[in-house]
Amino acid sequence: MKINSAKYFIKEAFKNVFSNGWMSIASVFTVIASLLVFGLFMVLALNLNHMVGQVESDYEITLTVTDEFTPAQITELGNTLRGVTNVSEVIFVSKDERMEQLKDRFGENRALLEDYKNERNPLSNWYKIRCEDLSQSNTTVEEIKRLNGVAKVISNQDTIQKLTTASGYISRMSGWIMLALAVISVFIISNTIKLTVFSRRREINIMKFVGATDWFIRWPFIIEGVLIGILGSVLSGALVCIGYQGLTGLFDSLNIAMVQFLPLGSISFLLFGAFVIMGMGMGAVGSLISVRKYLKV
């Protein structure tokens, strides 16, 4: 594309945007509305995947050791656990260590537990186990349960499976919603630009008769659609970021430790990138659709 031609295309695109003021504004707001809904699902999917990743990274299988086991038997059980398929790490926590941890949680009231020492300690020794592959954790749990000296096995595999399923469901739903909103936005943008094309249909016909190529005629309208898409995507991205910052700030002020959102800085670039690409794509496709009819001379 020559520089002079590019200048002409851009000039015509800006002129078309401003000459169809209200329709252009309507198209921008359509893009904003579509991307806001998409942004909501995108942010939700990203954070849910993040939370699932956190749960998976912290996931441990905990087993309590039979109280009658001697220190030697406890050590032997640990060695056996390290040989179990899919076990990556085995950590022993004695009942005395567990009592000290419990006292730390009591804080100023730790004196209430001072009498629970040695034989009076009601807690059990236990092992914490990490898995190499969480998808195989059920099999690992079943194998551990059959070991001699294992009194009880505690695992939260159901929670992880539910989170993983929910994350996949939201991701798929976001894809379908994105597609539906993109189709709606393309339709509205194409109708907006169609007004400009219709008002210039005679000029387009003349340009065709004097030898102008289809792409020479298309480019100003394509750039017009891209401009509408960019403006809508930037505004929607800013609104999503402002809303996300407010929401995360609210949860932080409530000190809800279970909810750990991704920091805005880690997703803002991805959000704006996705929004701009979608906005430009919707605008360009809408323009191509609207101008196609009038090129058939």
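**A tour from the second largest pocket to the cores**

Select helix H2 (21–58) and helix H8 (214–253): each supplies at least two residues of the lining of the second largest pocket. Keep in mind that this is a predicted model.

H2 gives the largest share of that lining, eight residues. The pocket has a volume of about 320 Å³. Of its 16 lining residues, show the ones closest to the centre: Leu40, Val43, Leu44, Tyr244 and Leu247. Now colour the lining by class. You will find 13 nonpolar residues, three polar and no charged ones.

Next, the largest nonpolar core. This core has 21 residues. Select Leu35, Phe38, Tyr244, Ile267, Leu271 and Phe275, which have the most contacts inside it. H2, helix H6 (157–199), H8 and helix H9 (264–292) each supply at least two residues of this core. In soluble globular proteins, nonpolar side chains tend to be buried together.

Stay on Tyr244, which is among the residues closest to the pocket centre and also among those with the most contacts inside the core. What is Tyr244 in contact with, leaving aside neighbours within four places in sequence? Select Val43, Asn47, Phe261, Leu262, Pro263, Leu264 and Ile267.

Move on to a second, separate core of 19 residues. Phe69, Ile74, Val84 and Val87 are included in it.

Last stop: cysteines. Select Cys131, which is buried with a relative accessible area of 12%. Then select Cys241, also buried, with a relative accessible area of 10%. Do not look for a sulfur–sulfur link: a search of the whole structure finds zero disulfides.

Note on methods
Residues are numbered from 1 along each chain as its sequence is written. This is a predicted model: local features need pLDDT of at least 70, side-chain atom pairs count only at pLDDT 80 or more; totals for chains, interfaces and linings use all residues. Side-chain values use heavy atoms; hydrogens and water are left out. A disulfide is a pair of cysteine sulfur atoms within 2.5 Å. Buried means under 20% relative accessible area, exposed over 50%, partly exposed in between (1.4 Å probe, protein chains only). On a 1 Å grid over the protein atoms alone, a cavity is a set of points where a 1.4 Å probe fits but cannot get out, and a pocket is an open set with protein on both sides within 12 Å along at least five of seven lines; lining residues have an atom within 4 Å of a point. Grid points are joined across faces, edges and corners, and a volume is the space filled by probe spheres set on the points. Helices (H or I, at least four residues) and strands (E, at least two) are DSSP runs, numbered from the N terminus. Ala, Val, Leu, Ile, Met, Phe, Trp, Tyr, Cys and Pro count as nonpolar, Asp, Glu, Lys and Arg as charged, and the others, Gly among them, as polar. A nonpolar core is a set of buried Ala, Val, Leu, Ile, Met, Phe, Trp, Tyr and Cys residues joined through side-chain atoms within 4.5 Å. Contact means heavy atoms within 4.5 Å.
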